[in-house]
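Try each one yourself before reading the solution.

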Amino acid sequence: MKTKYSKPVSPEKFKGKGFDAMHAVVEIAKRSALYFKKEKKEKVEECLVCGSNFNDKILTAFEIEFVQCKNCTHVFQKNQFSDKSVYKFFETDKEINCHLPEDQFQYRCENINKPKIDEVMQLRVEMGCSNNDGQWLDIGCGAGDLLFQLNKDYHWNGVGIDISAPGIEMAKNNGINAILTDLFDYYSSTNNQDKITKSYDIISAMGYFDLVQEPTKHLKVVKRLLKDKGLLMLDHPKFDSFTGDLIKSVPECAGRYFNALERSIFTDKSMKYFLETNGFEVLFDWKYGLDIYTFISIITLKLPQLAKSNIVEYINSKNNEFQSIIDNSGYNDVNFCIAKLK
Ligand SMILES: [Zn+2]
């Protein structure tokens, strides 16, 4: 397995200047927690990843209780609302994964998506595959920014699916072949299932498996959709991180992590367990994050007078240097993996 550390970014170019966008994320998390508070929930006895029923309370954010599995270290919501509730929420929600000002969309395509696409394409070259053409499925495509970049750089056939109606509308406006559906309906929608079984060279699921109630069930469908040399590319918020520890101390500032829609939060260990016990081998692991940016964002939320101070400006200007120290020690808050079928 190859491990790579750090991915330089300019947070102000994809989040906007200052911390307004990050502070807004906390408000959105509060609103969605309030929305799901009235939905019916069921207590989850078994770990969503390994099935163990030994777990401990780890933190509560906006009255949502998270527990950690004692076996595989996976973190998940103790009381879960149904997928139906989530689908209903996304029929109309325009706040999550949808709106991006034009300049931020372009920045995201070039600086967030392009490096990921290039890594997976490079791996294919090393595996002896041609990148002249191919089939790509993006699950949870949102506004379609990943496939937008793919279409720009490669002559591939990309399809995006998502349960967010406003997201699919935006993806279509971005020229993406996007379908409003969930993974299971997408899989069974064809009359001849053999036609779509083993159809894809690459399936991407960015920030996906942490949002679904039964990640293993979703991964099994992904497995059926991938060609023999197919690759799964994913990223996920990482619990065993600087940001994870930060939110444990200030759960009232949760937003990017520990929000109502995040059914699970993977750790390094639980993601590897999840992939390996379901027939995948991790080929590539990239460690990076937004820990410093999240840290300063929370500090300025608590102490607004610091927002325009020299020290915040200084830390912002050195963001990539501070973040790389965290990334290199594996304390980063995002993991990006590429895995192949064993
Ligand atoms: Zn577990």
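**Exercise 1.** Which residue stands opposite Val 159 in E9?

Solution. Keep in mind that this is a predicted model. Start with the strands: E8 (residues 157-162) runs parallel to E9 (residues 177-180), and four bridges join them. Go to Val 159 and look across: you land on Asn 177 in E9. Next, follow the chain from E8 to E9: it goes through helix H6 (residues 165-173), and this β-α-β crossover is right-handed.

**Exercise 2.** Find the bridge partner of Leu 137 in E8, and say which helix belongs to the β-α-β unit of E7 and E8.

Solution. E7 covers residues 135-139 and pairs with E8 in the parallel sense, over five bridges. Leu 137 has Val 159 as its bridge partner. The helix is H5 (residues 145-153), and the unit it makes with E7 and E8 is right-handed.

**Exercise 3.** What is the strand order in the open sheet of four strands, and which strands are at its edges?

Solution. The order reads E3-E4-E5-E12, with antiparallel pairing. E3 (55-61) and E12 (264-265) each pair on one side only, which makes them the edge strands. Now zoom in on E4 (residues 64-69) and E5 (residues 75-77): three bridges link this antiparallel pair, and Gln 68 has Val 75 as its partner.

**Exercise 4.** How do H12 and H14 pack: roughly parallel or roughly perpendicular?

Solution. The angle between H12 (residues 291-302) and H14 (residues 319-328) is about 115°, and their axes are 8 Å apart. Angles of 65 to 115 degrees count as roughly perpendicular, so that's the answer for H12 and H14. As for who touches whom, Asp 291, Ile 292 and Tyr 293 in H12 meet Asn 319, Phe 322, Gln 323 and Ile 326 in H14. Sorted by type, the contact residues are four nonpolar, two polar and one charged.

Definitions and conventions: Residues numbered from 1 in each chain as written. Predicted model: local features only at pLDDT ≥ 70, side-chain atom pairs only at ≥ 80, totals over all residues. Axes fitted to C-alpha atoms, helices over the stretch in contact; angles between N-to-C directions. Helix = DSSP H or I, 4+ residues; strand = E, 2+ residues; numbered from the N terminus. Parallel < 35°, antiparallel > 145°, perpendicular 65-115°, else oblique. Contact = placed C-beta atoms within 7 Å. Nonpolar A, V, L, I, M, F, W, Y, C, P; charged D, E, K, R; others polar. Pairing = 2+ DSSP bridges. Right-handed = clockwise from strand over helix to strand, strands pointing away.
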